[in-house]
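Have the structure open while you read.

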Amino acid sequence: MAKTAQPSAWDRLQIVREKTRPTATDYIPMIFDRHYELHGDRCFGDDHAIWGGIAKIDEMPVTVIAQVKGHNLEENKRSNFSMPHPEGYRKALRLMKQAEKFHRPVICFIDTPGAFCGVGAEERGQGEAIARNLMELMQLRTPIVSIVLGEGGSGGALALGVCDELAMLSNAVYSVISPRGFASILWKDPSREKEAANLMKITAPDLVEMKIAEAIIAEPAGGAHMNPPLMASNIAEYLRSTLLKLNKLPIDILLQKRYDKFRLIGEYTE
């Protein structure tokens with residue numbers, strides 16, 4: 001029997017941009033027994049592009065950080081089209097440090113085209129906020145699991161992507177830059193976005209092969225929007241098994257494994 005052709009990177013990108021695709025705020029009530037949202041970075045304000053709070057999965061308390069996409073124009077305007085400001089990353093870090101204090105695992109849901117690059121965000125320290133998250137998460141003394149739900153774009157995604165295990169939904173993409181940005185910079189031609197997407201190695205199988213991601217969470221045929229409850233069940237099953245495994249590791253061994261994971265990413269010569 002002939003194998004079914006797998007969707008291309010460009011095909012997957014169209015699937016994750018589908019307006020009816022479930023977002024983090026759809027999944028959170030389906031995955032967790034209880035959840036309570038917490039607000040603000042205690043510095044500037046509350047960024048609606050990032051949901052942060054405490055939840056329970058099988059009576060285990062966890063901290064959840066999620067980048068928020070909308071299903072319509074009003075929801076997207078409220079969440080700035082899932083492009084966080086620095087106060088969003090500072091809110092996330094505040095809640096992660098709280099999780100460390102109370103020995104709660106951290107679960108991050110990644111779904112962003114990238115961090116917001118407006119003048120105000122730059123004035124308030126966008127680069128510093130992302131860099132601080134990278135540094136602090138590498139040393140955070142509690143398990144961290146990150147899941148790419150749709151788009152994982154650039155440093156805006158990586159700020160929640162330093163973790164002990166990274167999983168991707170089967171149609172999700174994760175890259176240092178968007179295909180449109182790649183085409184604009186490399187070829188000076190943004191219309192070659194499709195060609196760029198298929199060259200960049202941004203799909204879940206690509207990331208697992210390169211040992212950047214550890215797991216792929218299966219989506220129904222056609223994408224997650226075809227059966228959101230099944231998708232939520234698949235995510236919850238992955239989280240239960242992964243948290244059970246990570247919680248058994250002594251914290252110093254967990255941190256060493258996290259360090260080693262990121263040291264091995266990429267090719268280099270000496």
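Is Phe 81 buried, partly exposed or exposed? With a relative accessible area of 40%, Phe 81 is partly exposed; buried means under 20% relative accessible area, exposed over 50%, and partly exposed is in between, using a 1.4 Å probe and protein chains only. Bear in mind that this is a predicted model, where local features need pLDDT of at least 70, side-chain atom pairs count only at pLDDT 80 or more, and totals for chains, interfaces and linings use all residues. Residues are numbered from 1 along each chain as its sequence is written, and side-chain values use heavy atoms, with hydrogens and water left out.

**The loop between H3 and H4**

- Phe 81 sits in the loop between H3 and H4; helices here are DSSP runs of H or I with at least four residues, strands are E runs of at least two, and both are numbered from the N terminus.
- Phe 81 has a positive phi of about 55° although it is not a glycine.
- Asn 80 is in the loop between helix H3 (73-78) and H4 as well, and its phi is also positive, near 55°, again in a residue other than glycine.
- For background, most residues other than glycine have a negative phi.
- Asn 80 counts as buried, at 18% relative accessibility.

**H2 against H11**

- Helix H2 (residues 24-31) packs on helix H11 (residues 228-247) at an angle of about 65°, with the axes 9 Å apart; axes are lines fitted to C-alpha atoms, for helices over the stretch in contact, and angles run from 0 to 180 degrees between N-to-C directions.
- The crossing of H2 past H11 is right-handed, which is the label if the near helix is turned clockwise from the far one by less than a right angle, with left-handed for anticlockwise.
- On the H2 side the contact uses Tyr 27, Met 30 and Ile 31, and on the H11 side Pro 228, Pro 229, Met 231, Ala 232, Ile 235, Ala 236 and Leu 239; contact means heavy atoms within 4.5 Å.
- By class, that contact of H2 with H11 has ten nonpolar, no polar and no charged residues; Ala, Val, Leu, Ile, Met, Phe, Trp, Tyr, Cys and Pro count as nonpolar, Asp, Glu, Lys and Arg as charged, and the others, Gly among them, as polar.
- Ala 24, Tyr 27, Ile 28 and Ile 31 are the buried residues of H2.
- An α-helix has 3.6 residues a turn, so residues three or four places apart point the same way.

**H6 and its partners**

- Helix H4 (residues 86-101) and helix H6 (residues 126-139) have axes that come within 9 Å and cross at roughly 20°.
- That makes H4 roughly parallel to H6.
- The contact of H4 with H6 divides into eight nonpolar, three polar and six charged residues.
- H4 and H6 cross in a left-handed sense.
- H6 also meets helix H12 (residues 251-263), with axes that come within 8 Å and cross at roughly 135°.
- H6 and H12 are therefore oblique to each other.
- Leu 137, Met 138 and Gln 139 of H6 make this contact with Leu 255, Arg 258, Tyr 259 and Phe 262 of H12.
- The residues of the H6 contact with H12 are five nonpolar, one polar and one charged.

- His 225 lies in the loop between strand E8 (215-217) and H11.
- Leaving aside neighbours within four places in sequence, His 225 is in contact with Ile 15, Glu 18, Thr 20, Arg 21 and Pro 22.
- The C-alpha atoms of His 225 and Lys 19 are separated by 8.9 Å, with the two residues 206 apart along the chain.
- Thr 25, in helix H2, is partly exposed with a relative accessible area of 35%.
- Not counting residues up to four places away in sequence, Thr 25 touches Trp 51 and Val 68.
- Lys 245 is in helix H11 and counts as partly exposed at 44% relative accessibility.

Key. Angles under 35 degrees count as roughly parallel, over 145 as roughly antiparallel, 65 to 115 as roughly perpendicular and the rest as oblique.
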